[in-house]
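Thanks for making the time this morning.

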Amino acid sequence: MITMKKTLLPLAIGLLLASGIAQAKTETYHLDPNHTSLVFSWNHFEFSNPTANFSAITGTIVLDDAAITNAKVDVTIPVKTVDTHVQALNDEFKGTEYFDQKQYPNATFHSTKIVSKGDNRYQAFGDLTIKGISRPVILDAVLNKQGEHPMAKKAAVGFNATTTIKRSEFKMGQFVPNVSDDITISISTEALVK
């Protein structure tokens with residue numbers, strides 16, 4: 001009898017796993033461009049810290065119920081949407097000395113690992129690609145909320161995240177160090193299951 005129990009228990013667990021009953025549910029959330037913002041800032045001759053933003057950002061966040069640390073994040077940022085609130089600077093940023101929009105229309109981020117820091121805080125490790133150049137970055141992220149969106153009536157998730165990059169690493173080092181090499185990036189997003 002003991003031998004039979006030892007045989008049947010692992011078999012039952014195996015059947016549950018194979019049937020998917022004991023497996024976590026995986027969901028793909030799509031970024032809502034209307035509720036996703038990316039703002040970046042820099043220091044200008046130590047006098048000010050201007051800001052600019054991108055819009056029409058798209059991408060996905062894949063989560064499973066077992067652990068948010070299994071998440072995968074993929075984001076596409078259309079360079080043509082850069083807005084510094086100064087038209088001449090917008091045109092300069094789209095040009096070859098900066099983002100080179102014609103040759104490289106999108107910047108992207110692809111996560112490689114998510115690490116929990118406790119209290120709904122995470123670090124998203126990944127590769128940021130600008131002008132065809134990929135560099136590792138770490139996003140310090142906060143899970144704002146996960147649940148049903150009250151208006152859309154769909155599963156939703158919301159995050160804020162920040163990071164700092166060196167623009168010279170992406171061949172955009174004009175006027176460094178008088179205009180800072182460090183660029184601070186702040187992101188806020190809502191994403192929904194379709």
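Predicted model: local features only at pLDDT ≥ 70, side-chain atom pairs only at ≥ 80, totals over all residues.

Residues are numbered from 1 along each chain as its sequence is written, and side-chain values use heavy atoms, with hydrogens and water left out.

The secondary structure comes to 2 helices and 9 strands, where helices (H or I, at least four residues) and strands (E, at least two) are DSSP runs numbered from the N terminus. Read from the N terminus, the order is α-β-β-β-β-α-β-β-β-β-β. Of the 194 residues in the chain, 36% count as buried, meaning under 20% relative accessible area with a 1.4 Å probe and protein chains only.

Now to the pockets. A pocket here is an open set of points on a 1 Å grid over the protein atoms alone, where a 1.4 Å probe fits and protein lies on both sides within 12 Å along at least five of seven lines; lining residues have an atom within 4 Å of a point. Volume is the space filled by probe spheres set on the points, which are joined across faces, edges and corners.

The largest pocket has a volume of about 850 Å³, and of the 45 residues that line it, Leu38, Ile77, Thr163, Ile185 and Ile187 are the closest to its centre. Its lining divides into 38 nonpolar, 5 polar and 2 charged residues, counting Ala, Val, Leu, Ile, Met, Phe, Trp, Tyr, Cys and Pro as nonpolar, Asp, Glu, Lys and Arg as charged, and the others, Gly among them, as polar.

The second largest pocket has a volume of about 180 Å³, and among its 14 lining residues the closest to the centre are Asn144, Lys145, Val157, Gly158 and Glu190. Its lining has 3 nonpolar, 8 polar and 3 charged residues, and β7 gives the most to it, with 5 residues.

Finally, where does isoleucine 61 sit? Isoleucine 61 is found in strand β3, residues 58-64, and is buried, with a relative accessible area of 6%. Leaving aside residues up to four places away in sequence, isoleucine 61 touches several residues, including Leu31, Val157 and Phe159, a contact being heavy atoms within 4.5 Å.

Key
Buried < 20%, exposed > 50% of the residue type's maximum accessible area, 1.4 Å probe, protein only.
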